[in-house]
Amino acid sequence: MFAAQSLKPAIAQVVPLRHAEGQPTVAQLVEAGLHGDPFALRELYDRHAKAVLARALRLLGRSADAEDVTQEAFLEAFRDLKQLQAPERFGAFLMGILTHRIYRRFRRQRLLSRLGFLEKGERDASLEKLGAGAGQETLLQLSRADTVLRTIAPELRLAWMLRMVEGCELAEVAALGHCSLATAKRRVARAHERVRAVLDMDLPAGDPA
Amino acid sequence: MKNAKRLAFPLNSQLVDPATDAAVRRVKLRVFSALGAAPTPTVWSWGRVGFAFSGALLVAALAVVGFQYFGVRSTSSTMLPGPLLTRSGSAFEALSTSPHSVAHTDFSDGSRIELAPAGKVSALSSTAQEFSVLLEQGELHVHVVPGGPRRWVVEAKLARIEVVGTDFSVQRSANSVRVSVGHGVVLVRSAWLEQGVQRLTAGQQLEVSPATSGAAESSPHGAKSPIRPIGHAAPKTIQPLEHAAAELPLVPRHRTSPPSVNELFAAVDRARLAGNRAEAEAALQQILSQFPNDARAPVARYTLGLVRLSAGGDRRRAVAEFELVLESGASSSLREDAFAKLVEVHAAAGEASEARSLLLRYQDEFPQGRHLARLRAKLRATRTKSP
């Protein structure tokens, strides 16, 4: 294009591209975020926020709690980006943080509930609330399931909800619950023993009953 | 249980999607507000003493992120990193060449810029909607992939060149800017053009060159902005607007028909360049009263706000005009500008809560707004200065 075309470029800008077209990859955004690019963090948020918030809402029920843990999860993820060894796995990294925070909420809610500090209005009713539009019988089932879930151990509740509500594979339940696959299976099965008394729902085929 | 419908696995397939766009935006505001400012105890209520240390670490980490985020912007106020990245995945900042070298940058969307020897180009803004650079000196060749989502803007002091998809060159020297179009269409905006804007198509070339100050004084007609096919020389002399403003009436003399909206806008430009606020205001009000449904009416209203805000103007009436811009069907770009002006005006008047409220509205509507960083910095500075 220019008369001096044969001269060497002053700044070599061409770098092999990992994602040849379209939007930057998650890994590229993570790297840019590590260098303080605020756009990259916003883009990471935009790509993951809806899924993260939806999971938080389904598991916690109360929108205020769900929004709190979503905010905390993103802040922690952005803060700990350096710890992310595989940048393309940002989504899983974020979900792991979110799940841990939800688990802590479950524990706190159970403790407060046992101590009588949790008002009725503050109790989570995640399933019933989200069943809007379903029939009365279904809503009744979901409401009863909420009640049962509040009474079981937080780790069992989390494992059951990840498996049965979110549809996570058992291996993912194990990873998110920081336990072995066998333990994850056992937790889901034990929680289901309690829940199936009120909820007409079978474990997926292949899951140990 | 007997009559109840059996629920299928997984349950979320039968539940309503709980995450509304409003909730996602709300959390986004909270996340990025927390990143931009020290977190408050209400947000970070750890609840247990054992987490106090973790909390302190987090505050420190956020402060570092916040420093990187705002520190970089405050030291380089013209650079707003945006979604258009270079092919290497980094934000474009600047490109320069020595007298004996050329350089180029490829972008992730396939676009490319090439800088001729002794040139310098730097980023002004980069958003999902616009990529803007400043050609400080030299010749820049730009190849923008057609059909892209962004408007490309090359600022070159005397002229502003806008394109969506095309191939063109801009050459800036001390007293002129030359634009040559290879493919597609570009818009050149300049106060030195008779109508303020000139459309160039493939094969055309435009040189925007006002007279040098000495020459202009001795010869008010010395400036020229000829448009001609590349390779031809048929310059059309155009009067520089500073001198024209003093000589021309608000609308052309010897006419029987009312002035068109274009003529009124040209009159506004001339009056503003001549520093005649009253005439500019009159012409703008004429546009708003005679052409209320014209697509440029919101621009006229915004300009009226600017004129009223200028030295000795009426701040309250200016605010009213900017608010009317927000209520009108203004383009996104103009809405952003109106929000920015409102925040600035309120901040300058010490109305911090009003300014913050408007900033939140702006953030909510334009999460990646091009003025956000600057306005946040301004509000922080205002807060710091206030006792």
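pLDDT is the predictor's confidence in each residue, from 0 to 100. The structure is a predicted model, in which local features need pLDDT of at least 70, side-chain atom pairs count only at pLDDT 80 or more, and totals for chains, interfaces and linings use all residues. Residues are numbered from 1 along each chain as its sequence is written, while chains are lettered from A and ligands numbered from 1 in the order in which they are written.

**Exercise 1.** Describe the confidence in chain B.

*Solution.*
Step 1. The average pLDDT of chain B is 71, and 71% of the residues score at least 70.
Step 2. Helices are DSSP runs of H or I with at least four residues, numbered from the N terminus. Confidence in chain B is highest in helix α9 (residues 332-348), at a mean of 87, and lowest in helix α3 (residues 213-218), at 32.

**Exercise 2.** State the secondary structure of chain A.

*Solution.*
Chain A has nine helices and zero strands (a strand is a DSSP run of E with at least two residues).

**Exercise 3.** Identify the largest nonpolar core.

*Solution.*
Step 1. A residue is buried if 20 or more other C-beta atoms, placed from the backbone, lie within 10 Å of its own. A nonpolar core joins buried Ala, Val, Leu, Ile, Met, Phe, Trp, Tyr and Cys residues through C-beta atoms within 7 Å.
Step 2. The largest such core has 63 residues, and A:L53 and A:L94 are among those with the most contacts inside it.
Step 3. Helix α2 (residues 38-60) of chain A supplies the largest share of this core, 13 residues.

Definitions and conventions: A residue is buried if 20 or more other C-beta atoms lie within 10 Å of its own, exposed if 12 or fewer, and partly exposed in between; C-beta atoms are placed from the backbone.
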